[in-house]
Amino acid sequence: MVYHIVNSYLNLREASQGVKEKLQQDMKEALKSHDKIRLQTIRMVLASIKNAEIEKMHSLSDEEMAAVIQREIKMRKEALEQFARGGREDLVRQAEAEIKVLEDYLPQQLSDSELKDIIQQTISEVGAQSSKEIGKVMAALMPKIRGRADGKKANEMVRQLLA
């Protein structure tokens, strides 16, 4: 019984702590467990968050941190393609491992059907009729899905639905 109460408290505490605090806590755990890939990845993303805070001159919200993490994932996916073309399997595996680590810090991603529903709702809200209005739809859509879906994927779906 006591175990369940303590476990519930810990889960609640973890849910309420911010992304940055979770990253810092996980960095300490990775340091203790000698998990080099996880430690290196978390340090890099914390540095990116710090740079973004300096650039914006304020502490980032969890949503803004999710955008930074998404950007880091995107960079690693692009590098992964280059490594694969160059035949560098060791670097491909490292990039894949880093992507897995970073994905743990993103909010729950939308499924294709959920994303499609949100896009259709946004198209009807905006009143878009043709593919000429993709920009208007994307401007209204991105705040709704930021951090929960890939913008490129959303843009492709918007193009298909407006075609």
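Predicted model: local features only at pLDDT ≥ 70, side-chain atom pairs only at ≥ 80, totals over all residues.
Me: What makes Thr-41 count as buried?
Reply: Buried means under 20% relative accessible area. Thr-41 has 0% relative accessibility, so it counts as buried. This residue is found in helix 3, and it touches Glu-98, Val-101 and Leu-102, leaving aside residues up to four places away in sequence.

Me: How do helix 3 and helix 5 pack, and at what angle?
Reply: Helix 5 covers residues 89-103, and the two pack at an angle of about 65° with their axes 9 Å apart. The crossing of helix 3 past helix 5 is right-handed. On the helix 3 side, the contact involves Ile-37, Arg-38, Gln-40, Thr-41, Ile-42, Met-44 and Val-45. Helix 5 brings in Gln-94, Ala-97, Glu-98, Val-101 and Leu-102. Sort the residues of this contact by type and you get seven nonpolar, three polar and two charged.

Me: Which residues of helix 6 and helix 8 meet?
Reply: From helix 6 come Asp-112, Leu-115, Lys-116, Ile-119, Gln-120 and Ile-123. Facing them in helix 8 are Lys-153, Ala-154, Met-157, Val-158, Leu-161 and Leu-162. By type, that contact has eight nonpolar, one polar and three charged residues.

Me: Why is His-34 called exposed?
Reply: Exposed needs over 50% relative accessible area. His-34 has 66% relative accessibility, so exposed it is. You'll find His-34 in the loop between helix 2 (19-33) and helix 3 (36-56). It also has a positive phi of about 60°, although it is not a glycine.

Me: And what makes Met-57 exposed?
Reply: Again the cut-off is over 50%. Met-57 has a relative accessible area of 74%, so it counts as exposed too. Its place is in the loop between helix 3 and helix 4 (62-85). Met-57 is not a glycine either, and its phi is positive, near 60°.

Me: How confident is the predictor, and where is the pLDDT below 50?
Reply: The mean pLDDT of the protein is 85, with 90% of its residues at 70 or more. Over residues 1-16, though, the pLDDT is below 50. Beyond near neighbours in sequence, that stretch has one contact in the model.

Technical notes:
Residues numbered from 1 in each chain as written. Heavy atoms only, no water. Helix = DSSP H or I, 4+ residues; strand = E, 2+ residues; numbered from the N terminus. Buried < 20%, exposed > 50% of the residue type's maximum accessible area, 1.4 Å probe, protein only. pLDDT = per-residue confidence, 0-100. Contact = heavy atoms within 4.5 Å. Axes fitted to C-alpha atoms, helices over the stretch in contact; angles between N-to-C directions. Left-handed = near helix turned anticlockwise from the far one by under 90°. Nonpolar A, V, L, I, M, F, W, Y, C, P; charged D, E, K, R; others polar.
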